[in-house]
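Here is a short tour of one protein model. Take a look at the sequence and structure first, then read on.

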Amino acid sequence: MAKNSCLIIVSLVEVLLFTIISNAASSTDIISTICPKTLNPPFCLSVLKSAGTTNIKGLVVYTLNLAHANAKKSLTLANSLEKTTTNPQLKQRYSSCAESYDGAVGDIENAQKDLAIGDFNGVNIVTSGAMTEIDDCQDKFVQPPKDTSLLLKNGKTLKDICSIILVISNLL
């Protein structure tokens, strides 16, 4: 009897280990499918590993929430910079960026709504729109005077997050 109990326990442990290893492999497979297709694969790996899920829909929800928070942060920063800068050229650029980030926030909110109704193509389209808004802001700073704030860095991060969303939405 004790021998049979030990055998059952050993079998259960083997099944459990196999399940854990299989799940780890499949999560690695999902991430390794997504990240090479993004603008910044190392960043993608870091973001998706911190998501706390390997479910593809869970990953897109996580990245959309991350993008929304980042876009709102960038919008707040652009508005703040517009109010505090004394340089008229920078003031105009920050104002324009605030409009762009306001549009990006709206696009990401629309992507969240599209996801909720299963419109994955819609998620892709409006996320692309958010990336265009980010580019519009970034393009304002090609010529001097230079922006020394975190606005451009935040924009790159947001664009990298949106790139992840695009890849995932194409897999849904």
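In helix α2 (residues 41–49), the buried residues are Cys44, Val47 and Leu48. Buried means under 20% relative accessible area, exposed over 50%, and partly exposed in between (1.4 Å probe, protein chains only). Helices here are DSSP runs (H or I, at least four residues), numbered from the N terminus. Looking down the axis of α2, its buried residues fall within an arc of 90°, so they line one face of the helix; the arc is that of the directions from the helix axis to the C-beta atoms. Pro42 and Lys49 are exposed, on the face of α2 turned away from its buried side.

## About the model

This is a predicted model: local features need pLDDT of at least 70, side-chain atom pairs count only at pLDDT 80 or more, and totals for chains, interfaces and linings use all residues. Residues are numbered from 1 along each chain as its sequence is written, and side-chain values use heavy atoms, leaving out hydrogens and water.

## A pair of rings

Rings of Phe, Tyr and Trp (its six-membered ring) pair if their centres lie within 6.5 Å; planes under 30 degrees apart count as stacked, over 60 as edge-to-face and the rest as tilted. That rule gives 1 aromatic pair. The ring centres of tyrosine 94 and phenylalanine 141 are 5.7 Å apart and their planes are at 40°, so the pair is tilted.

Tyrosine 94 sits in helix α4 (residues 88–116) and phenylalanine 141 in the loop between α5 (120–139) and α6 (151–171), so the pair ties together parts that are 47 residues apart in sequence. Both tyrosine 94 and phenylalanine 141 are buried.

Terms used
Helices (H or I, at least four residues) and strands (E, at least two) are DSSP runs, numbered from the N terminus.
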